[in-house]
Amino acid sequence: MSDILLRTGNLSFGYPERMGLLRKPRLREVIRSVDLTVPRGSVLGLVGESGSGKTTLGRLLVRLLRPTAGGIKFDGIEIGQLDETELRPLRARIQMIFQDPQSSLNPRLRLGTTLTRPLSVHGRLNGRRGQRERAAALLDLVGLPTEFADRYPHELSGGQRQRAGIARALALEPDFIVADEIVSGLDVSTQAHILLLLKELRARLGLTMVFISHDLSVVRVLCDAVAILHHGEIVEYGPVANVFGAPQHAYTRRLLAAIPLPDVEPGWLDDAPPVGADQQQGSAA
């Protein structure tokens, strides 16, 4: 078994642009020649300004988009050009947590149904009792009360909905998760709780993640390595301490200068309140 769970090689993606009725559409590249490696059990931070291509790259890594060039190797399997039928056996192992749980959670379904539907689709769940037990276990895993299984998304706060989004991504016990700006819309206190939850889940489940964010201070404390994305290209890539301590690329230096990093005490997440402390019934977190 390789220590590298996911690797990209010369990965590129572009959208077709119409050039007229008689001319072949050309591609507008938004991701260009990206080479990344994600070791098992590690967290890679993906940082860049709005419009840099972070979300597009994240969707490529979980194969919600098909590359226009290059490859993606997941656990030794080249998945870049697989069709949906060929990808299906791997879908349970590769999941994504979306930025906006309000839009990614089905408003017509109770939370318990949303959490267990992936299990039903993959034939891992039998009967209503099994559904309720698994929903309760997933809610408990992310620090939400088990009675939330009967609630609709609009009945939850923003922090609670994001926990629900994390629970849904974990339902199939994936090996690899892409988390796309999952704390960007939350207040500072709730952000800390979600980050602590991710840290605990990583240690408990051995998760491998790509964490997309524009918040450099969050990336510095949560991630092992960081890739800086600029206009669809990786301009700097390496261990967090190296990139943040001695940035080599002018763009990285500009980012660090524009968003000064606070001095973060070691273990600050460990001092945060317990997981779920902000998620009691009636919380506005």
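Modeller: Threonine 8 has its place in strand β1, strands being DSSP runs of E with at least two residues and helices runs of H or I with at least four, numbered from the N terminus. This is a predicted model, in which local features need pLDDT of at least 70, side-chain atom pairs count only at pLDDT 80 or more, and totals for chains, interfaces and linings use all residues. Residues are numbered from 1 along each chain as its sequence is written, and side-chain values use heavy atoms, with hydrogens and water left out.

Threonine 8 counts as buried because its relative accessibility is 5%, where buried means under 20% relative accessible area (1.4 Å probe, protein chains only). Leaving out residues up to four places away in sequence, threonine 8 touches Val34, Asp35, Leu36, Leu61, Gly71 and Ile72; contact means heavy atoms within 4.5 Å. A polar atom of its side chain lies 2.9 Å from the backbone oxygen of valine 34.

The surrounding sheet is open and has four strands in the order β2-β1-β4-β5, with antiparallel pairing; two strands pair if DSSP finds at least two bridges between them. The edge strands, each pairing on one side only, are β2 (26–39) and β5 (77–78). Helix α1 (residues 54–61) packs on this sheet and touches β1 (4–17), β2 and β4. The direction of helix α1 makes about 120 degrees with that of β1; axes are lines fitted to C-alpha atoms, for helices over the stretch in contact, and angles run from 0 to 180 degrees between N-to-C directions. Strand β4 (residues 69–74) is joined to β5 by two bridges, and phenylalanine 74 stands opposite isoleucine 77 in β5.

Terms used
Buried < 20%, exposed > 50% of the residue type's maximum accessible area, 1.4 Å probe, protein only. Polar contact = N/O pair within 3.5 Å; in protein donor to acceptor, adjacent residues only side chain to side chain.
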